[in-house]
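Student: I have the sequence and the model open. Can we go through it in short questions and answers?

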Amino acid sequence: MHGPASSGWLLVALCAMTGTYCLMRMRGGAAEQRRAAGGEALMGFGMAAMAVPAAVFTPPSWAWPAYAAVFAAAALPALWAARAGAHHLHHLVGAAAMVYMSVVMAGSPAHAHGGGGSGVPLLTGALLLYFAGYVLLAGVRLVPVAAVAGQSGGGGSAGWGDRPELTLACRLSMGIAMVAMLLTL
């Protein structure tokens, strides 16, 4: 994505750390939780790769269609799993947003974006509204979980991947990153 280099690097770090945490979550839990964590890890690392400042590295012309293909492939299992729950719909919207951003970046002249507005305004706006709403709802859901976790005495035996407040924080940070990426599109 294209914007100030310092905010681009912060976005890369946030998304890479989120992807790493999601990989750690894949080590435990039920099969469904591991699949969700794998999809979120793919999103985190994909967002980190897309957020590298253009002043530092301009991807080759084949990279954007490759990103679109990877995220389209990631959307297929989310589409199938969406029959089971609303959380899978969020994965589907996230994968579709990544495909959309990849297509917009592939179609831009020399991948040079200014202060936004290069994408289809209606779809970009709809995605921004969705992810802004998701961030607000995830933030509201995170407060009670963190408060309950803090009251439980702390020293539980829950591993990193079994802590609900960290999972919510991971999803919240990816939602914030998606809003930032859509704004710089």
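This is a predicted model: local features need pLDDT of at least 70, side-chain atom pairs count only at pLDDT 80 or more; totals for chains, interfaces and linings use all residues.

Student: Is Arg171 buried or exposed?
Tutor: The cut-off for buried is under 20% relative accessible area. Arg171 has 19% relative accessibility, so Arg171 counts as buried.

Student: What does the side chain of Arg171 make a polar contact with?
Tutor: The cut-off for a polar contact is 3.5 Å between N or O atoms. For Arg171 the distance is 2.7 Å, side chain to side chain. The partner is Glu40.

Student: Where does Leu183 sit, and is it buried or exposed?
Tutor: Leu183 also has its place in helix 6. Exposed means over 50% relative accessible area. Leu183 has 53% relative accessibility, so Leu183 counts as exposed.

Student: How far apart in space are Leu183 and Leu128?
Tutor: In sequence, 55 residues separate Leu183 and Leu128. In space, taken C-alpha to C-alpha, the distance is 7.7 Å.

Student: Which element gives the largest share of the largest nonpolar core?
Tutor: That core has 34 residues, and Met98, Met101, Met178 and Leu182 have the most contacts inside it. Helix 1 (5-25), helix 2 (31-50), helix 3 (63-81), helix 4 (86-107), helix 5 (121-151) and helix 6 each give two or more residues. The largest share is 8 residues, and the element is helix 6.

Student: Which residues is Met98 in contact with, leaving aside neighbours within four places in sequence?
Tutor: Contact here means heavy atoms within 4.5 Å. With those neighbours left aside, the list for Met98 is Met43, Gly46, Met47, Met50, Phe71 and Met178.

Student: Which helix gives the most to the lining of the largest pocket?
Tutor: The largest pocket holds about 440 Å³ of space. Of its 24 lining residues, Ala36, Gly39, Glu40, Ala78 and His91 are the closest to the centre. Helix 2, helix 3, helix 4, helix 5 and helix 6 each supply at least two residues of the lining. The most, 9 residues, come from helix 2.

Methods. Residues are numbered from 1 along each chain as its sequence is written. Side-chain values use heavy atoms; hydrogens and water are left out. Buried means under 20% relative accessible area, exposed over 50%, partly exposed in between (1.4 Å probe, protein chains only). A polar contact is a pair of N or O atoms within 3.5 Å; within protein, one must be able to donate a hydrogen and the other to accept it, and residues adjacent in sequence count only if both atoms are side-chain atoms. A nonpolar core is a set of buried Ala, Val, Leu, Ile, Met, Phe, Trp, Tyr and Cys residues joined through side-chain atoms within 4.5 Å. Helices (H or I, at least four residues) and strands (E, at least two) are DSSP runs, numbered from the N terminus. On a 1 Å grid over the protein atoms alone, a cavity is a set of points where a 1.4 Å probe fits but cannot get out, and a pocket is an open set with protein on both sides within 12 Å along at least five of seven lines; lining residues have an atom within 4 Å of a point. Grid points are joined across faces, edges and corners, and a volume is the space filled by probe spheres set on the points.
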